[in-house]
Amino acid sequence: MSIFNLTRSDPSTFILMGITGLEAAHIWISIPFSTFYIIGLLGNFTVLFVVGKDQTLHKPMYLLLCMLVLTDIGTSTSVVPKALCIFWFNLNSITVGGCLTQMFFLHGVSMMHSAVLVTMAIDRYVAICNPLRYATILTNARIAKLGLVGLIRAVLLILPLPLLLRRLPLCANRIIPNTYCDHMAVAKMSCGDITVNRTYGLVMAFVVIMLDLTLIALSYGLIIRTVLRISSKKAHQKALNTCTAHICVMLMSYPPFLFSTLTHRFGQGIAPQVHIILANLYFLLPPMLNPIIYGAKTKELREKMGKYTCRK
């Protein structure tokens, strides 16, 4: 009852419940959460350090990797520290402004992550289909401009979400059954009509994701067509190996995102704790695994990481 009393006496505060139904196990759940988060931070900051330190890695491909790393750090850091505060110290209150800010950064960085994956697909297309013109088509300055376009797109498309929520009347019971502030979770606490919020969020998410996936599919379609025209099997394998890491990262990014988006709106039959855990893993596993994937699949990066991390 204390939680309900708090929400009524403090109208500027939301309550994040953590993983509903598993409150007694929060302290145990925090162990893999904190472990994955720390490993992810170490791996991502190692990549940033190595690429920044070594002049030979100042290339478009590694500049894109650094952008991907920054989005991974941003998404996990938007969610995990607050989740750990809930698990360890029961600090489950968050101001309305803090909740909307977290939601903006979380969704904005996620959209920026998708834009980086599209740019990486274009990078692989140019590297395989136009190798002789690669250095002139994709310069570091051009990659930086594409990154800026992705950032502007994310800000312009995500900014309406908190603005639309601001206009809604909120009910007295302000309990969010999650570890973070998601757009639809906050919208569902409103006593008003959330049709506009629901429609904009769904249409925006699917238009952006479908556009990005279409561009990625087009890039890989052209890559496959070019590879099939190569007679050498060794060249086939070399060309496809350059895309392996990017494909693995995409498989860890898009399916969980689509699952989370759909279940928030249509997943009434899914147990809440299952949805919450899977949604949180989306912010934990890719940031932890992406540096490992690129380190394992990119020989040049792997050698440089070994050089700097093993140096006495």
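Colleague: Is Cys 181 buried or exposed, and what is its relative accessible area?

Modeller: This is a predicted model, in which local features need pLDDT of at least 70 and side-chain atom pairs count only at pLDDT 80 or more, while totals for chains, interfaces and linings use all residues. Residues are numbered from 1 along each chain as its sequence is written, and side-chain values use heavy atoms, without hydrogens and water. Buried means under 20% relative accessible area, exposed over 50% and partly exposed in between, with a 1.4 Å probe and protein chains only. Cys 181 is therefore buried, its relative accessible area being 0%.

Colleague: Which residue forms a disulfide with Cys 181?

Modeller: A disulfide is a pair of cysteine sulfur atoms within 2.5 Å. A sulfur atom 2.0 Å from that of Cys 181 belongs to Cys 99.

Colleague: How many residues apart in sequence are the parts that Cys 99 and Cys 181 tie together?

Modeller: The link of Cys 99 and Cys 181 is left-handed, with -125° about the S-S bond. Cys 99 lies in helix α4 (residues 96–129) and Cys 181 in the loop between β3 (175–176) and α8 (183–187), so the parts tied together are apart by 82 residues. Helices (H or I, at least four residues) and strands (E, at least two) are DSSP runs, numbered from the N terminus. Cys 99 is also buried, with a relative accessible area of 0%.

Colleague: Which cysteine sulfur is nearest to that of Cys 243?

Modeller: Cys 243 is buried at a relative accessible area of 2%, and Cys 129 also counts as buried, at 18%. Cys 243 is in no disulfide; at 8.9 Å, its nearest cysteine sulfur is that of Cys 129.
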